[in-house]
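Welcome, and thanks for taking a look at this one with us. Please open the structure below and keep it in view while you read.

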Protein chains: 2
Amino acid sequence: MIKQSIKLTVDAVVFGYESDSKISVLLVKRRIAPYKGEWAIPGGFVKTSESLEEAVQRELKEETGVSISYLEQLYTFGESDRDPRERVVSVAYYGLIKPQDFDLNASTDAEEAEWFDIDELPELAFDHKRIIEVAINRLKGKVTYEPIGFELLDKEFPFSDLENLYVTLLGRPIDRRNFRKKMLSFGLLDELDKKSSTGRGRPANLFRFNSERYFSLKKEGFVFEI
Amino acid sequence: MIKQSIKLTVDAVVFGYESDSKISVLLVKRRIAPYKGEWAIPGGFVKTSESLEEAVQRELKEETGVSISYLEQLYTFGESDRDPRERVVSVAYYGLIKPQDFDLNASTDAEEAEWFDIDELPELAFDHKRIIEVAINRLKGKVTYEPIGFELLDKEFPFSDLENLYVTLLGRPIDRRNFRKKMLSFGLLDELDKKSSTGRGRPANLFRFNSERYFSLKKEGFVFEI
DNA sequence: TCAAAAGTGTTAGAGGTACACCCATGG
DNA sequence: CCATGGGTGTACCTCTAACACTTTTGA
């Protein structure tokens, strides 16, 4: 039959965000050649019997200790010179998590796992720089027409966190009043009877994203658009 | 090292369109097991030394005789039960061509190649029905924010062809006057000094899509949006 | 002269954008 | 009482959506 010697891997670009900060990406330091000791996005070979999503989740857990709620396929990178030793095709995913929900290095499989600001990435193994670039573009595009940004925020968040997240992602200032008006007009945010007390300034009301409501509206043809 | 027995294939959902008709998909009848004799989208195993795009173009040429101008990666299908015999992961692409530019069955590699209206698909091998569905959704979404529809039309086309294409793709009536106004406002269509003479009715002016202009506008941040 | 398709403007309403001041709290 | 961040309304303007008649040709 067919003689094919191509290896299949999965890789994951995991984004995190903390209030008043930049978007960051989760990287691991490689324990093995090639690119031993260099930083890379988590990932590894797919087992013959597991699905691609299972493979991503497993590798992530092994190498960084995190597990992901929002995970989406990004692109498949298959140039024949990606890996210096053999033909490796990688199905890349990207995911969003709340960094504060996890301790890194909770596992023993990775030498080191660390968050890097997307504007201050180190040298990266393979074509991982490009994969991250593609993921950033996808994320920046997608937040404008799907409410995935909430995956990066706490369950209950002050409105300013949401606003800062969008300013960071879109890379441009937005009008606070207009943004709030529009966001609230969707009816997807439940305003809670709680205040955040972050120190100085007037305490903010907390909100929660109502995802059941989003899915039911979506079925009726509603389109989120910011 | 790693022991992995996963085969990698590429598959292509090729769309075509002829004036006043439905969108169609190019299918081939399989010569070999599994699913021998059933209809499937063109595709096959990736050679160890070729890129994924090269593989798609090669398989398309071999099985149907067409070569594609607009080709884009769609999604990678990797469930472990896709193929009844072994683990096969398929990187699916979708492409757009003008059917009138090619004779089908120009090659000897496929038993049969034929266009099928997307609303009248036959039974399909593997999970190809699902792949086509994903491709249709992508196409329908993408025509609204990138001017890829022109890949389905002749170089020189009457405005009504464009309008009919969008009506077909969007699946809803559109206002002729508003549509023309908006399309022309982009400045991406060159009106030619020619008329089409399709038989009855007033002859239409022919237009041509100016792709150089599109790319230069795009660099400056212009966004096509219908 | 009739049938078929092409071509063309205006108006009302919705939605987007721009913009500045007061409020609640902690130090 | 001051510094810090939270919360709010209005007016203009642009873009969208709705809508129908005339023109050119072939039969």
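The notes below go through the domains, the chain pairing and the DNA contacts in turn.

This is a predicted model, so please read every value as computed from predicted atoms. Chain A is assigned two domains, domain 1 (7–142) and domain 2 (150–219). Chain A also meets chain B, with 26 residues on each side in contact, and 20 residues surround DNA strand C.

**Between the two domains of chain A**

- The centres of domain 1 and domain 2 of chain A, taken over C-alpha atoms, are 28 Å apart.
- Contact between these domains of chain A involves 16 residues of domain 1 and 11 residues of domain 2.
- About 1200 Å² is buried between domain 1 and domain 2 of chain A, and carbon and sulfur atoms give 58% of that area.
- On the domain 1 side, A:Y17, A:K98 and A:K140 lose the most area to domain 2 of chain A, and together they make up 46% of what that side buries.
- Across this interface of domain 1 and domain 2 of chain A there are 0 salt bridges, while 5 residue pairs are in polar contact, both residues at pLDDT 80 or more.
- By class, the side of domain 1 of chain A that touches domain 2 of chain A has 7 nonpolar, 5 polar and 4 charged residues.

**Between chain A and chain B**

- The area buried between chain A and chain B is about 2300 Å², with 52% of it given by carbon and sulfur atoms.
- In chain A, the residues that lose the most area to chain B are A:Q4, A:T48 and A:Q73, which together account for 24% of what that side buries.
- The interface of chain A and chain B has 0 salt bridges, but 13 residue pairs are in polar contact across it, both residues at pLDDT 80 or more.
- At least two residues each come from β1, α1 (52–64), β5 (70–77) and β6 (88–96) of chain A on the side that touches chain B. Of the elements of chain A, β5(A) gives the most to this side, with 3 residues.
- The side of chain A that touches chain B divides into 10 nonpolar, 9 polar and 7 charged residues.

**Around DNA strand C**

- Which residues are the closest to DNA strand C? They are A:N178, B:S160, B:R176, B:R180 and B:N205.
- Sugar or phosphate accounts for 41% of the atoms of DNA strand C within 4 Å of the protein, and the rest belong to bases.
- A:N178 has a side-chain N or O atom 2.9 Å from a base nitrogen of DNA strand C.
- For B:S160, a polar side-chain atom is 2.6 Å from a phosphate oxygen of DNA strand C.
- Elements that give two or more residues to the surface near DNA strand C are α4 (176–185) of chain A, along with α4 (176–185) and β10 (204–209) of chain B.
- The surface near DNA strand C is made up of 3 nonpolar, 6 polar and 11 charged residues.

How values were computed: Residues numbered from 1 in each chain as written. Chains lettered and ligands numbered in written order. Predicted model: local features only at pLDDT ≥ 70, side-chain atom pairs only at ≥ 80, totals over all residues. Heavy atoms only, no water. Domains from an automatic or database assignment. Contact = heavy atoms within 4.5 Å. Buried area = accessible area lost by both parts, 1.4 Å probe. Salt bridge = Lys/Arg side-chain N within 4 Å of Asp/Glu carboxyl O. Polar contact = N/O pair within 3.5 Å; in protein donor to acceptor, adjacent residues only side chain to side chain. Nonpolar A, V, L, I, M, F, W, Y, C, P; charged D, E, K, R; others polar. Helix = DSSP H or I, 4+ residues; strand = E, 2+ residues; numbered from the N terminus. Near = heavy atom within 4 Å.
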